[in-house]
Amino acid sequence: MNNLWKSIYRLRLHSRNHTLAYGGSKVLSASQSTSTQPASTGEPGSGTQPPMEKIVIPTRIERGPTDILMALSATVGFDPTAPHYKYHDDPYLIPTSNANKKTYALAQEAGRKAAHWIRQENAKLFRHSEADPPIQAFVPTMVYNEESQVETTDLQKLIDSVEVKDAILVYNLLKKNSIEVGDELKQQLLELLCFYNHEDTLPEQFIEERWFRQGTVGRERQRKTWKDFELAEELFHGLETKRSEHYCAMIRGMARFFQVEKAWALYQETVEKGIELDTNTFNSLLHIASFLKESYDKRWDLVCEVMTAMKQQGLRPNLGTLNGILQTVTTIGGYNHPRTYALKTLAEFKALGIEPSLASWYYLLVIFCRERGPVSHVLHDIMNEIEGKEFTIQDPKDTFFFVTAMDVCRNHLHDKELAKRVNQLLHKGENYNLIGDSYKESIYYRHYFALLATTEPLDSFLETYHLLVPNVYIPEPSVMEDILRSVEMNAAIEHIPLLWSHMVQFDHTGRENLVNLLLHIMVTNQPSSDEPKHAAMVQRFATIAWDMWNRMEERAAAPRATNTSGMPGPMLGDVLLLCSRAGDYEKAMAVFTKINKEQNSIVGEPRVDGLREFVNLCIVNRTPSVAVQCLQYCSENGYPESVEIGRHIFNSFTLDQIQVSKIRSLVGAEAVKPKPEAAV
């Protein structure tokens with residue numbers, strides 16, 4: 001590395017004193033460009049020389065450590081047919097279900113955590129340093145205990161590296177050893193404790209855990225999690241002179257973790273003492289207005305009170321102020337008042353030159369597109385305003401816009417064209433970073449697929465399906481049901497084998513409603529021999545039905561199975577029908593044997609169509625004894641078609657006297673009467 005830098009340095013010195021030529025055209029050096037002497041024009045007899053062209057060196061652009069990688073990535077583009085790069089490029093290690101996606105990603109991250117733990121527990125083995133300058137992330141962290149000798153510099157380092165628990169321990173050690181901590185350092189520690197609520201945060205390098213955990217955190221009920229009477233409050237109350245920044249840190253911390261009563265009490269204290277606060281502190285009070293006041297009118301009055309206080313202190317609102325007001329408006333019931341408040345707020349902030357973020361538009365969707373409210377087309381206006389733009393994160397709620405917009409497209413407006421516009425905006429530039437987390441991503445595509453499956457032509461929908469499944473999105477059972485119903489409505493049974501293979505990959509074979517629906521489609525839509533795309537479809541349907549039966553039997557035989565009887569009777573009848581249609585006597589016989597022997601434990605009865613088709617298969621295979629057994633099953637279970645089936649068996653076989661007597665005893669003498677001879 002040192003030799004490389006020396007070579008670059010020598011090249012710089014060389015280029016300063018020499019002229020470089022590219023393609024025959026000379027490029028002046030920096031020393032020549034600053035010369036005031038005119039240069040020769042090169043024309044004979046010319047006594048004047050034109051002024052020399054001055055080289056303008058462009059302003060240096062700050063580059064991040066990953067800018068080159070991002071530029072290279074932009075040349076490749078996004079390939080939805082390839083698995084995410086975080087998974088190993090191996091068919092056996094590429095996940096094909098939502099559960100496996102989470103398991104594989106977190107398992108890989110668990111390996112990184114194990115490496116961190118080994119490095120930390122065996123710090124003596126990792127004292128060598130191969131990087132120059134050393135990389136702090138690879139260096140074991142300092143371990144503190146009650147006997148550690150610490151200084152204020154240790155506390156400063158822990159605050160800078162956001163190690164909350166160790167910072168608390170070191171501060172207590174400093175206090176125990178009577179080492180004075182400066183006011184500025186106390187302020188930094190107070191801000192750290194208020195922001196993280198005395199808890200260590202998840203390290204940034206554990207991206208996958210953040211990705212999957214964030215969806216769970218967002219769905220938790222908002223409740224008070226602030227730790228009362230801990231070090232933050234001790235630091236605050238121990239200050240001799242409480243300044244504005246101290247109150248700001250405490251109020252924002254308590255508001256962040258929903259200790260609303262104490263936060264409001266501190267605000268009232270600042271009002272009484274005439275202490276001015278900053279804009280972000282007022283914004284935090286706006287976010288908890290719905291917790292401070294119960295009635296809708298009082299909430300809006302509180303918002304107006306806070307905004308008036310900001311104006312009196314000469315503070316200018318910002319985007320956080322806009323979003324805080326809109327969040328409070330979302331908690332106000334009714335239809336007219338919230339819309340009026342929201343539009344007035346947007347108009348005032350637009351006059352101030354404050355542009356809304358995606359979080360602002362998200363709040364508007366919540367206000368205008370309520371579940372039991374009138375239909376609103378505000379999303380059309382929002383898309384006209386933001387379509388084609390690229391966004392960066394400005395508010396934590398920015399990640400809620402796309403999933404909410406797609407929900408509105410599906411459940412509120414039922415507008416597929418608007419959904420496509422939202423999806424196009426999501427994939428514009430780096431906007432996909434604002435999808436949020438794994439939970440929001442899954443909900444977004446659930447709405448998108450369910451809407452397209454019910455409104456798009458099947459062929460057009462399947463193009464989107466094949467593009468995104470399974471690497472970007474794996475359909476949930478409810479979405480798969482919508483897809484199957486679309487296939488049923490279009491009688492597109494040629495797609496059944498592919499959809500069944502996907503159901504196997506996505507672990508949907510245990511969903512009885514999906515299996516039953518798929519069986520129903522195969523039974524009611526018999527393949528046509530005249531259609532080339534239906535070639536061999538009868539045999540493939542039988543194979544699918546047999547696979548369904550085996551899987552449900554294995555699940556019923558499992559040690560902890562909740563349903564030990566396996567398939568219900570109607571589904572067994574459909575499997576019997578499909579196997580009989582395909583002429584697979586062995587499989588059909590296995591299914592009928594289960595129906596016949598376990599009829600007392602099977603829930604429900606098979607449909608007579610399957611039994612009739614099985615009798616026809618017995619006739620083809622010349623097995624009258626099995627056909628008589630099927631007739632006996634029909635008779636014992638009270639099928640009205642038993643006489644017809646018995647007559648069909650009698651007329652199709654050459655039976656012995658015992659078999660004829662059996663049929664007569666089961667369905668009566670009418671079934672064994674010979675056909676009347678045709679008149680000559």
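## An annotated repeat

UniProt, in an unreviewed entry, places the feature "repeat: PPR" at residues 243-277, and such annotations may be inferred rather than shown by experiment. The end C-alpha atoms of residues 243-277 lie 10 Å apart, and the span is 77% helix and 0% strand, where helices (H or I, at least four residues) and strands (E, at least two) are DSSP runs numbered from the N terminus.

This is a predicted model, in which local features need pLDDT of at least 70 and side-chain atom pairs count only at pLDDT 80 or more, while totals for chains, interfaces and linings use all residues. Residues are numbered from 1 along each chain as its sequence is written, and side-chain values use heavy atoms, with hydrogens and water left out.

## The second largest pocket

The second largest pocket is lined by 32 residues, of which R119, T141, S161, E163 and Q205 lie nearest its centre. A pocket here is an open set of points on a 1 Å grid over the protein atoms alone, where a 1.4 Å probe fits, with protein on both sides within 12 Å along at least five of seven lines, and lining residues have an atom within 4 Å of a point.

Among the elements, α4 gives the most to this lining, with seven residues. The lining divides into 15 nonpolar, seven polar and 10 charged residues, with Asp, Glu, Lys and Arg counted as charged, Ala, Val, Leu, Ile, Met, Phe, Trp, Tyr, Cys and Pro as nonpolar, and the others, Gly among them, as polar.

## Cysteines without a bond

The count of disulfides (pairs of cysteine sulfur atoms within 2.5 Å) comes to zero. The sulfur of C369 is too far for a bond, because the closest cysteine sulfur, in C409, is 9.2 Å away. C369 counts as buried (under 20% relative accessible area, with a 1.4 Å probe and protein chains only) because its relative accessibility is 13%, and C409 counts as buried at 0%.

Key: Buried < 20%, exposed > 50% of the residue type's maximum accessible area, 1.4 Å probe, protein only.
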